[in-house]
Amino acid sequence: MITRETGKLLDAAVAIEAESALESGNVGFFARSLTQCTLPHSKPENDTITYGKRNGKLSLTVQPGDYLDKKGKPISYGVPYGSIPRLLLCWISTEASRTKSKELVLGHSLSEFMAAIDLTPSWGRRGTAKSLTDQMERLFNCTIRLTYEDSERRTSTRLDVAKTYNLFFHKQPDQGGLWQSTLTLTQDFYEEIVKHPVPLDLRALRSLKKSPLAIDIYCWLTYRMSYLKGATPVTWGQLHGQFGADYARLRDFKRYFSAALQKVAVVYPAVNLQMTADGLTLLPSKTHIPMKGKTMSKS
C-alpha cells in the first residue's frame, strides 16, 4: 500500500521529471554552511543548553536565546529542531536571494506565511501554528557559531539569522492584521546566503518535509554534487558525525539514514552513489538544479 508520504514523493518526482524547477518557478536556496553541519532532528533532551555537532574539521554550536518574564525570571526559547526550522531557512534563503534584501516581509497573517512554506494550518496547543511560532522564535533568537579547525588554524564565524523581527500574528493566526510581520537578517547570514547559495528544487524539499534527516541529506547531496570530480568515499562514521547527533548507536543511525536516503532518491534520481558496508561512495552526478556553467566554491 502506498502511504500518503510516498504518494507525495512520487507526485513530486513526476512533476520534477516533467518540468524543471526553473521552468515551474520552484527554484529555492539554502545556506551552504548549514548543509555541512545541521540542526537537531528532534527535540534535544535538554533544549535549553548549547547544542553542538562536529563534522570533521567543522563544528556547529547553537546557543538558545532567552528573555525575562514579567517577574524578571529568565526563560529560554530553546534550540530550534525538526523540519520547521529547515523550511524556514529555505524560505529565508530563497526570499533573500530573490529580493537581494536583508529586510523580509512575512505577511499579514500566520496562515498566509504557513502557505508560503507549505504547512497546513491547524490551531490549538499542538497545532502547526503553535509549532511554527515556537520554532520561529527559537531560530530567530539563537546564537549560531561555525568553527573550522585544522593543525594550522582555527577560525570561527557567527551566523545568527535575525538582527530584528516583528511578529504580529500570534493571537489571530487565521486573520490578517494591520501590520505585516517582518524579519531583518544579520549581515553575516545575509552574505552567506547571497554569496554561497545552494540551489534546490522546492518541490523536492516539500515532499521530504516529514523527515528532517531526508531534508538534510537532500541539501547535502545537491551541494556535494556541485563540485564533486571523482569517486569519493564517505564512511558511516563521517556520516554519523554530520547527520547522526540524534542517534547514539551507529546501527540505529544506519537504518534511519538508509530509509531517508531512499526517499531522497525518489525525488533526486540523478544522484549517483553506492552504499557499501563502510558507508557511501559518491560519484559525479548532475546537480538537482543546473548550475548554468558555474560551480559553487566548496571553501
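In the predicted model, the buried residues of helix H11 pack against helices H1 (4-18), H8 (202-207), H9 (212-224) and H10 (236-243), and against strands E13 (272-275) and E14 (279-283). The buried positions of H11 are Asp252, Phe253, Phe257, Ser258, Ala260, Leu261, Val264 and Val267.

Helices H1 and H11 pack at an angle of about 30°, and their axes are 7 Å apart. On the H1 side the contact involves Glu5, Leu9, Leu10, Ala12, Ala13 and Ile16, while H11 contributes Lys263, Val266 and Val267. Sorted by class, this contact comprises seven nonpolar, no polar and two charged residues.

Strand E13 also belongs to an open sheet of three strands, in the order E12-E14-E13, with antiparallel pairing. Strands E12 (232-235) and E13 lie at the edges, each pairing on one side only. Neighbouring strands are turned by 20° against each other on average, direction ignored. Helix H10 packs on this sheet and touches E12, E13 and E14; its direction makes about 70° with that of E12. Between E13 and E14 there are four bridges, and Asn272 stands opposite Leu283 of E14.

The largest nonpolar core contains 78 residues, and those with the most contacts inside it are Ile92, Leu132, Leu185, Phe189 and Leu221. Helix H9 gives the most to this core, with nine residues. Leu132 touches Ile84, Leu88, Leu110, Phe113, Met114, Ile117 and Leu119, leaving aside residues up to four places away in sequence.

Methods: Residues are numbered from 1 along each chain as its sequence is written. This is a predicted model: local features need pLDDT of at least 70, side-chain atom pairs count only at pLDDT 80 or more; totals for chains, interfaces and linings use all residues. Side-chain values use heavy atoms; hydrogens and water are left out. Buried means under 20% relative accessible area, exposed over 50%, partly exposed in between (1.4 Å probe, protein chains only). Helices (H or I, at least four residues) and strands (E, at least two) are DSSP runs, numbered from the N terminus. Contact means heavy atoms within 4.5 Å. Axes are lines fitted to C-alpha atoms, for helices over the stretch in contact, and angles run from 0 to 180 degrees between N-to-C directions. Ala, Val, Leu, Ile, Met, Phe, Trp, Tyr, Cys and Pro count as nonpolar, Asp, Glu, Lys and Arg as charged, and the others, Gly among them, as polar. A nonpolar core is a set of buried Ala, Val, Leu, Ile, Met, Phe, Trp, Tyr and Cys residues joined through side-chain atoms within 4.5 Å. Two strands pair if DSSP finds at least two bridges between them.
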